[in-house]
Amino acid sequence: MTTFIAVLYIISFALFIYGLMGLTGPRTAVRGNWIAAVGMGIAVIATLLTPGMSNWLLIALGVAIGVVVGVPSARKVKMTAMPQMVALFNGVGGGAVALIAWVEFRTTEGYAHEPAYVAIASLFAAIVGSVSFWGSNIAFGKLQELISGRPITLGKLQQPVNALVLIAAIVFAVVIAVGGDAELLMIGLLVAAGVLGVVVVLPIGGADMPVVISLLNALTGLSAAAMGLALDNTALIVAGMIVGASGSILTNLMAKAMNRSIPAIVAGGFGGGTAVASGGSGEVRPVRSTSASDTAIQMAYANKVVVVPGYGMAVAQAQHVVREMAKLLEAKGITVAYAIHPVAGRMPGHMNVLLAEADVPYEQLKEMDEINSEFAQTDVALVIGANDVTNPAAETDPGSPIYGMPILKVNHSRSVIVLKRSMSSGFAGIDNELFYDAKTSMLFGDAKSSVGEIVEELKAL
């Protein structure tokens, strides 16, 4: 039986890795998810076959509750709410690891007769899992707008408080590791780690939330791997390391895409502020408005149109009508492409998934490095709900909080049309200099309705 279980684990790991490879492209992503899911199913079966496994009624009850809660939630969630769902599910994983560590503490009487590595790994998993759980819940609250997206800080006390609760969690862990078996010690550790997760994420603004979610996901993976080491569970070790490694790589890539260091993000204070009209002067600056009719005429006589999607398109669920508009333009012999910024939306790949849902050909999706060189030959750049990722201040204003952040250089196009509900700021909380460019026209209104009007005008031309 031991050999059989080991073989099942090896098969499941191979499926994890093969499934992850499928996530590199939209054509293979669904298949990759299914392959990884099968691998996880095999890993669960192998774990249930482990000698000594009991309490089958409780296990079945837990699985049933998970299915009843998880499946309907995943099926009904809107694409705009997917980042919140990811944050919530990630937090549940971290919380589960923290609870397992607590159970291990209780069943071993404070690790009294366990090797030192078991206690160390379990305590590490308890701290990191609790940080991930509570931090992910705060991220969920910010994304769901249950909590303000603005940085919520303690001012000069923020970093000392962070250090204090971290030290408290470590002290509890050290006391337990050297022989303390009072349950209040473990409760104190979990509470201190939970407070740390809250006070670290609260000061982080909305602009950094995608990076925070990715970072917390990596932490959940590391805590699971540590718990697997403590429990001698190969599935937890391998799956946790895969999540931790991939999450760390993704976090680093996203931080680079925003020209932000991970320590700076954790320090907080960026994003979610109030828009500034112009250099802090507060004066009202004129913008040029346009209509759906004029927009349609301008695009109908273009040779190349680049659509720049952002979170506004996701909120309006405008991807299908955008695809309809593109088909009409293509029928007129106009080249259409889509410019994708790495952090457009609220999570990596957000725009890619939305556009794939509308059957936009993958070949038309252009990453930032590829499309930026093409804007100079673009007749019309149609910006739909994107804000900070198109802000020229990132290149021209050293005093801007997003200075140095790589952007989509839509201002290099011959003309720019921006679809927005209002002149409100993006996640970074700053005004977008693109709106005041002489080449830019603003089409105000709901993105889906506005593009729908453009479609009707194109049909009439």
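Predicted model: local features only at pLDDT ≥ 70, side-chain atom pairs only at ≥ 80, totals over all residues.

Colleague: In which loop is the place of Y111, and is Y111 buried or exposed?

Modeller: Y111 is placed in the loop between helix 4 (82-107) and helix 5 (116-143). Its phi is near 60 degrees, a positive value in a residue other than glycine. Buried means under 20% relative accessible area. With a relative accessible area of 5%, Y111 is therefore buried.

Colleague: D232 also has a positive phi although it is not a glycine; does D232 count as buried or exposed?

Modeller: The phi of D232 is about 60 degrees, and the residue lies in the loop between helix 8 (209-231) and helix 9 (234-257). A residue is exposed if its relative accessible area is over 50%. At 65% relative accessibility, D232 therefore counts as exposed.

Colleague: How far apart are A168 and G188 in space, C-alpha to C-alpha?

Modeller: A168 is found in helix 6 and is partly exposed, with a relative accessible area of 26%. Both A168 and G188 belong to the contact of helix 6 with helix 7. In sequence they are 20 residues apart, and in space their C-alpha to C-alpha separation is 8.4 Å.

Colleague: How many aromatic pairs does the structure hold, and what is the geometry of the pair Y9 and F13?

Modeller: The structure holds four aromatic pairs. For Y9 and F13, the ring centres are 5.9 Å apart and the planes are at 0 degrees. Planes under 30 degrees apart count as stacked, so the pair is stacked.

Colleague: Where do Y9 and F13 lie, and which aromatic cluster do they form with a further residue?

Modeller: Both lie in helix 1 (residues 2-22), four residues apart, which is about one turn of the helix. Y9 counts as buried at 8% relative accessibility, and F13 is buried with a relative accessible area of 11%. The one aromatic cluster that they form is Y9, F13 and F16.

Colleague: What is the arrangement of the rings of F133 and W134?

Modeller: F133 is partly exposed, with a relative accessible area of 25%, and W134 counts as partly exposed at 41%. Their ring centres are 5.0 Å apart and their planes are at 80 degrees, so the pair is edge-to-face.

Colleague: Finally, with which residues is S415 in contact, leaving aside its neighbours within four places in sequence?

Modeller: S415 lies in the loop between helix 16 (393-396) and strand 5 (416-420). It is buried, with a relative accessible area of 10%. Leaving those neighbours aside, the residues in contact with S415 are Q298, D379, V380, A381 and K439.

Methods. Residues numbered from 1 in each chain as written. Heavy atoms only, no water. Contact = heavy atoms within 4.5 Å. Helix = DSSP H or I, 4+ residues; strand = E, 2+ residues; numbered from the N terminus. Phe/Tyr/Trp six-rings, centres within 6.5 Å; stacked < 30°, edge-to-face > 60°. Buried < 20%, exposed > 50% of the residue type's maximum accessible area, 1.4 Å probe, protein only.
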